[in-house]
Amino acid sequence: MTARRETLLLFAPGLALLALGFLLPILRMLMLSVVGPDGITAVHFARFFQDSYYPSILWRTVRLSLIITVLTAAIGFPLAYIMSRVGLRLRLWLVVMVILPLMTSVVVRTFGWMVLLGRSGPIASTLRDHGLVGRGFSLMHTETAIVLGMVQVLLPFMVLTLLGSLARLDPRLEEAARTMGCSFLQSFRHVVLPLSLPGLVAGSLLVFTLSASSFVTPSLLGGARIEVLAASIYKSVTQTLDWNFAAAQAVILFAGVALVLIPYLRLTARHG
Amino acid sequence: MVRAVPAWLRGLAWAFVVLAGLFLLGPLAVVVGVSVSENQFIAFPPEGFTLRWYEKALGTREYVEAFWLSLRLAVVVTVTATLIGGAAAIALSRGRQAGAMETVFLSPLLIPTIIFAIGMLMLWSSTFGPTSFATLWLAHTVVTLPYVIRTTLAVLAEADPFLEEAARTMGAGRLRCLWHVVLPQCRPGLIAGAFFAFNISFDEAVLSLFLRSPGHNTLPVQIYGQLEFSPDPTVAAVSTLMILLTIALIMILDRLLGLNRFAKA
């Protein structure tokens, strides 16, 4: 057996799996989005844009994803920086602190937020006890709830991406800046931040795509009225049973995500 | 390095880490709290202590069946993903044009699960009819494959390529070389990949929701359904058991491989 043939044999099952279980499903979805009763049509896309209902869902999805991405970066960057600069033992515990929620089912984490934000949760009852809000106050089924839950769900992705780039950053560069008379904040601003920018951008793009396409957390915390694109797709698939329209919405989501993914791939290819 | 940081900033950093920890782990702690509360309704802080909800959860047929389905699914997915992904990773580590091929194999990580989920549903329904256990098996294997490939590739990148060459010049055949030299080198990567595959499959909700068939609800789907309609402390008990399983997985992974590996990376 030659080396070439061995390599091909090792590749074969994986390629077959991806062709059958990944490529074909996506092609099928693309196809359904453009077929109608009489051949190829753009009617499903036209329906999405015919009135302001679906565009407003799209806009909400983009707007919330942007807010979530900015907040995740704002919390994730200092956390990752601290993690990259503490001793190995403490870093290990902090990694566990980040990985444990990441490895717990999104359904379970969202449940935690439902309890925290609900009418009998600690936030509502504290505010009520201080007379700040009325009896029926609850943060559930608000955009704030979606943002809070999603930032917690996606923070680990941001922290782990940033940790990768910050840990590779040579600490001697910072030391050099300090001995040359920079204050801590100056060296942070002029050395650490520029050098970790690719990681920050890569993490943000990743969080944005995950956020734009997430379904479980926004549906449970936002409820039926505050719909995002993924929830609207789910509704078309399971309730209205309009699969062509569901496919068209998925293609719109796909196109949006692809716009963000291309720079992400370029960045990660260049910086490993 | 930390010593060069001003004292006020170090204090601030500590406070920040504690707050971030509360934010990350708080929602999990709350679920555990509700699961042992005597309160009939979902409320926090918990009142008293009881294991009644666990008893009730273990006696509920839907949860028990969902658990077994999730477990069976996660086991077969782990085995197939590790075998196929391990083989692909070995081939990738040798390839000259590995870059493009690697992107192909990691692409399921990049495409949002929901898009892949509806594609899968549409393809399966038009070719095979109603979805089944096999649909979930196929879909979960596709999304877990990249994790096995990534962890195995990472280990192989550090491995000594001359070891294989040495074995070959000493007269070992290709298969023997693969079995006795390459595979042992892959082992930590394969083990880590298998753990991730198991964890992801067991916890996955989106694919399982789209591809579910009557009587085929995985545990996360069962929990999701409860949360959508009438959450009670029994869901909290089931959720807590899922958190405990995650903790157990992380501890076993640490025992087998050492989490230091991940902390350093």
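B:Pro45 sits in the loop that runs between helix 1 and helix 2 (52-58) of chain B; helices here are DSSP runs of H or I with at least four residues, numbered from the N terminus. The peptide bond joining B:Phe44 to B:Pro45 is cis, with omega about 0°. Most residues other than glycine have a negative phi, and most peptide bonds are trans.

The model is predicted, and local features need pLDDT of at least 70, side-chain atom pairs count only at pLDDT 80 or more, while totals for chains, interfaces and linings use all residues. Residues are numbered from 1 along each chain as its sequence is written, chains are lettered from A in the order in which they are written, and side-chain values use heavy atoms, with hydrogens and water left out.

**Interface of chain B and chain A**

Contact (heavy atoms within 4.5 Å) involves 82 residues of chain B and 84 residues of chain A. The two chains bury about 7,700 Å² between them, 84% of it on carbon and sulfur atoms; buried area is the accessible area (1.4 Å probe) that two parts lose on being put together, summed over both.

A salt bridge requires a side-chain nitrogen of Lys or Arg within 4 Å of a carboxyl oxygen of Asp or Glu. Nine are found over all chains in the whole structure. B:Arg94 belongs to helix 3 (residues 61-94) of chain B and A:Glu6 to helix 1 (residues 3-34) of chain A, so this pair joins two chains. Their side chains meet in a salt bridge at 2.5 Å, N to O. Across the interface the rule finds one salt bridge.

Helix 1 (residues 7-35) of chain B gives the largest share of the side of chain B that touches chain A, 16 residues.

**Second largest pocket**

This pocket holds about 790 Å³ of space. On a 1 Å grid over the protein atoms alone, a pocket is an open set of points where a 1.4 Å probe fits, with protein on both sides within 12 Å along at least five of seven lines; lining residues have an atom within 4 Å of a point. The volume is the space filled by probe spheres set on the points, which are joined across faces, edges and corners.

Of the 31 lining residues, A:His141, A:Leu220, A:Gly223, B:Leu227 and B:Glu228 are the closest to the centre. A:His141 is in the loop between helix 6 (122-129) and helix 7 (143-167) of chain A, and its phi is positive, near 60°. Helix 10 of chain B supplies the largest share of the lining, five residues.

| Set | Residues by class |
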